[in-house]
Amino acid sequence: MAHGPAKGLSRWLFTTNHKDIGSMYLWFSFAMFFMGGIFALVIRAELFQPGLQIVEPDFFNQMTTMHGLVMVFGAVMPAFVGLANWMVPMMIGAPDMALPRMNNWSFWILPFAFALLASTLFMEGGAPNFGWTFYAPLSTTYASDTVTFFIFGVHIMGASSIMGAINIIATILNMRAPGMTLMKMPLFVWTWLITAYLLIAVMPVLAGVVTMMLMDIHFGTSFFDAAGGGDPVLFQHVFWFFGHPEVYIMILPAFGIVSAIIPTFARKPLFGYESMVYATASIAFLSFIVWAHHMFTVGIPLTGELVFMYATMLIAVPTGVKVFNWVTTMWKGAMTFETPMLFSIAFVILFTIGGFSGLMLAIAPADFQYHDTYFVVAHFHYVLVPGAIFSITAGVYYWLPKWSGKMYNEVMGKTHFWLAFIGLNVTFFPMHFSGLAGMPRRIPDYNPLWADWNMISSMGAFLFGAAQLLFLYNVVRTILSGKKATDQVWEGAEGLEWTVASPAPYHTFSTPPQVK
Amino acid sequence: METKHEIYYVPEQSKLPLMASIGLFFTVFGLANWINEISADKDGSGMWVFIAGLAFFCYVLYSWFGTVIDENIQGLNSAQLKRSYVWGMGWFIFSEVMFFSAFFGALFYIRNIALPELSSGPTSEILWNNFKAEWPLMTTPDQALSGDKAVVNGPGENMANPGLGNWLGWLPFYNTVILLASSFTVHFAHTALKRDNKKLFNIWLGITVALGAIFLCLQWAEYSHAYHVGLTLDSGVYGTTFFMLTGFHGLHVTMGTIMLLVQFLRSVFKGHFSHHDCFGFEASSWYWHFVDVVWLGLFIFVYIL
């Protein structure tokens, strides 16, 4: 294990190295990000004006569905797993992931799973068109045959996630260098430990719900069919029991990344480390008892509405702890504003906006008005785009010099930030207004009342998409011809990953370091 | 704490993960095609793709486990690596627990929320012709509404508890006894191994495998009986939950039996396992205890209550 990478393609196909696998995850996620982005731009192009201009309504539905599925399962989740692969072993002083071959298996399932999913676009009946939440009976009774491929795609993608999560937990619990106690771990490691727990807890539930769909569609069972004594609402319960922890799976590692970056550029240690750990654990716990807030209008009993409403509002407490800790970390710090820091500060501000609209949605009586409008779309894009996507972007800029040994172009990075920041707000902020004015989600044509907001949103979306091309160009240019980076890279950065050379050697910490 | 000279074994490049992914892909791709062909009543190649994919996948897993066992015999596995396997198996079993939770949760929801809702108020009076639910659900809402023209019909008989006095003639009771007993026998095997009594270990392990196989045969007999008396997968939500819960449990017992059988063959023919090196056996036995606990849940919530 002392030698370097193998030559040629076999290095990537057969590798057991956490850095190779991390890179593959990240590139895969990047590709899916562009694919999902193109789907989103089809949606925004159609919605540029009222009326049907570009696509048929059924294809429009396929686009909204595929955009959601690809972004959630193809772009955001694999990106975080890629970052975990690269950074967790280096942050805790481990020689590699705990189970290196299974690690590569977790990755290589993904291209096959998404090939299965994307191939439905070219099949008779088309891709899934029932929304990324695939509610029954739209996804069962009224779905085309291709739903079977969707179901099995979800199955193997879930297997990949579970194996990836098991690997991360085993690595964190078993592979820490001597002296690296749990409460000394970087927050990114902590958030991933808790995320991995969530993944193992809820991905099997997702497998369960798609299995129930499969049986209802093909084998005559009655899970979601009232005629046989079942209930379509059961689908929503099982799905959201998975779905709500899932949205925290997409945000907790983001908290970890931002908690690494802000102290570096504020040149102060993270404020309230312990409270950050406990807040993360509290959020994870609460994520299991709030799922029905996605279902306020489905006809659940009043007691249920109240319980889920209050439980949901409780999440604001640990989340508030985190936001205040980040702000306090920056308070009176010697701040500089390199690209990762810009993305992180934007994360704190915009994620908070998304959190506040979440609080509005948590109020059951108010949610009756907002439900299934563009207000909801605005809310979850405000937590996912500046939340998950911005933090991943920040993480890539922050650690790219360590990975590649080269420094990215700062001017281009900052340009990317400002274009993305403006594009994002121009796209999603107007959706609050079109939503409050009553515009429903998932419609290809709409009342001219909402035309102005939609036109602005569409222009913002194309700006945001163009900004990502700059990101791609910057990353490629850095790897090919960036200036040499120092080992320390960032003046204020602390942690084991900065003690190794840039680029990080193929094998780090074959002998564990001693952590004081 | 680990000692200084222990090195964590990071394997060289391996073709196994990619091959496993290919196998898995063809398994599910073939299965999806096959299922669609069955539903559309068409002929096609789906079944053969599925079988070929599954065979290749099993072959890859066989090679993979073989590689791991060889590495262990060569002494490459440090104590720390073995702890990784322990964590891995533990969390895998937790994921299985959550998979079953989804189905137990569905059963709970249907009995305590969906059916009471269907049999009360305007839902029952206006939509379903005064449908009243009982459990096991013998008459579906569809039957209450459409009578003989119903599409979803209830079962002819059910498998519920016939009363304590009749347990001796009730198959699930025997299955419970068999599976509980097998949890003890596998524990006895473990105890024997800890005392390095390989002969006794083989005997108890062999008995455990046999009990697993008997359980599966009885389960099969119960299924044929059920289909014979008109309790099928599509006989309303009772048939749905009954077959899905017991069926997934049966699949897991099959897996567990195969796992224990492999350990038995390794012990008898290859002489593997000693009291300080028996993870393959221990992991299989944890899995076995897990399927046993699931059965207790099934026995209580599917059969008795």
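Where is A:A227 placed?

1. A:A227 sits in the loop between helix 6 (187-218) and helix 7 (232-249) of chain A; helices here are DSSP runs (H or I, at least four residues), strands are E runs of at least two, and both are numbered from the N terminus. A:A227 is buried at 13% relative accessible area (buried is under 20%, exposed over 50%, partly exposed in between, with a 1.4 Å probe and protein chains only). Leaving aside residues up to four places away in sequence, A:A227 touches B:W128, B:T140, B:P141, B:D142 and B:V152, where contact means heavy atoms within 4.5 Å.

2. Before going on, some ground rules: this is a predicted model, with local features needing pLDDT of at least 70 and side-chain atom pairs counting only at pLDDT 80 or more, while totals for chains, interfaces and linings use all residues. Residues are numbered from 1 along each chain as its sequence is written, chains are lettered from A and ligands numbered from 1 in the order written, and side-chain values use heavy atoms, leaving out hydrogens and water.

3. Now the aromatics: there are 93 aromatic pairs over all chains (rings of Phe, Tyr and Trp, the last by its six-membered ring, with centres within 6.5 Å; planes under 30 degrees apart are stacked, over 60 edge-to-face, the rest tilted). One of them is B:W135 with B:Y238, edge-to-face because the centres are 5.5 Å apart and the planes at 70°. B:W135 lies in the loop between helix 4 (121-127) and helix 5 (141-146) of chain B and B:Y238 in helix 8 (residues 236-270) of chain B, so the pair ties together parts 103 residues apart in sequence. B:W135 is partly exposed at 22%, while B:Y238 is buried at 1%.

4. Another pair is B:W167 and B:W170, tilted, at 5.6 Å centre to centre and 45° between the planes. B:W167 counts as buried at 16% relative accessibility, and B:W170 is buried at 7%.

5. Have a look at the backbone too. Most residues other than glycine have a negative phi, and most peptide bonds are trans. B:W135 turns up again here, joined to B:P136 by a cis peptide bond with omega about -5°. The bond from A:S502 to A:P503 is also cis, with omega near -5°, and A:P503 is in the segment after strand 2 (483-484) of chain A.

6. Two non-glycine residues to check for positive phi are A:R267, near 55°, and B:F273, about 80°. A:R267 is in the loop between helix 8 (252-266) and helix 9 (273-286) of chain A and is partly exposed at 29%. B:F273 is in the loop between helix 8 and helix 9 (279-304) of chain B and counts as buried at 10%.
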